[in-house]
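Here is a friendly walk through this model, from the inside out. Keep the structure open beside you as you read.

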Amino acid sequence: MSPSADTVIRSFCNAWSEGSLEEIMGFFDENAIYHNIPMEPAEGLEQIRAFIEGFFAMATSIQFEILHQVATETIVMNERIDTLVIGDVTTVLPVMGIFELADGKIVKWRDYFDMAQFTGQQQG
């Protein structure tokens with residue numbers, strides 16, 4: 001029996017703290033789309049890998065803390081706090097994530113967050 005969508009996404013979020021790109025990439029379908037809504041989407045494993053590699057190249061630590069998560073058989077929505085340590089700056093970012101799964105793999109992942117908060121820009 002395959003793990004539930006809820007379990008897959010909890011494991012996926014935990015994998016970020018381990019910093020293993022290969023483990024993280026194993027959660028994606030080959031045709032997956034990863035879209036941080038303020039940015040352009042990454043389509044397919046090659047683009048997703050390049051995007052995540054960029055995060056790991058900048059950050060010494062990435063943690064996803066799930067505050068709330070709801071799931072059906074194929075859709076998972078979670079409210080998270082993503083904490084990224086980049087150099088001497090720690091960014092604590094509230095995020096809303098939506099994951100669509102097929103056959104136990106992520107086929108679509110959309111994260112919604114405030115880009116100004118991520119980049120450290122103050123809003124007037």
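Strand E4 gives the largest share of the lining of the largest cavity, 3 residues. A cavity here is a set of points, on a 1 Å grid over the protein atoms alone, where a 1.4 Å probe fits but cannot get out, and its lining residues have an atom within 4 Å of a point. Strands (E, at least two residues) and helices (H or I, at least four) are DSSP runs numbered from the N terminus. The structure holds 1 cavity of 30 Å³ or more, and the largest cavity has a volume of about 140 Å³, the volume being the space filled by probe spheres set on grid points joined across faces, edges and corners. Among its 15 lining residues, those closest to the centre are Tyr34, Asn36, Phe55, Phe64 and Asp82.

A word on the basis: this is a predicted model, where local features need pLDDT of at least 70 and side-chain atom pairs count only at pLDDT 80 or more, while totals for chains, interfaces and linings use all residues. Residues are numbered from 1 along each chain as its sequence is written, and side-chain values use heavy atoms, leaving out hydrogens and water.

Now to the sheet. It is open, with 6 strands in the order E2-E1-E6-E5-E4-E3 and mixed pairing; two strands pair if DSSP finds at least two bridges between them. E2 (42-43) and E3 (61-71) are the edge strands, each pairing on one side only. E1 (residues 28-36) pairs with E2 in the antiparallel sense over 2 bridges, and tyrosine 34 has alanine 42 as its bridge partner in E2.

Contact means heavy atoms within 4.5 Å; axes are lines fitted to C-alpha atoms, for helices over the stretch in contact, with angles from 0 to 180 degrees between N-to-C directions.

| Helix | Lies across | Angle |
|---|---|---|
| H1 (residues 5-18) | E1, E3, E4, E5, E6 | about 165° to E3 |
| H3 (residues 44-58) | E1, E2, E3, E4 | about 55° to E1 |

Isoleucine 52 touches Trp16, Leu21, Ile24, Met25, Phe28 and Tyr34, not counting residues up to four places away in sequence.

Finally, look at proline 38, in the loop between E1 and E2. Is proline 38 buried or partly exposed? Proline 38 counts as partly exposed because its relative accessibility is 37%, where buried means under 20%, exposed over 50% and partly exposed in between (1.4 Å probe, protein chains only). Leaving aside neighbours within four places in sequence, proline 38 is in contact with Asp111, Phe113 and Met115.

Methods: 1 Å grid on protein atoms, 1.4 Å probe; cavity = no way out; pocket = protein on both sides within 12 Å on 5 of 7 lines; lining within 4 Å.
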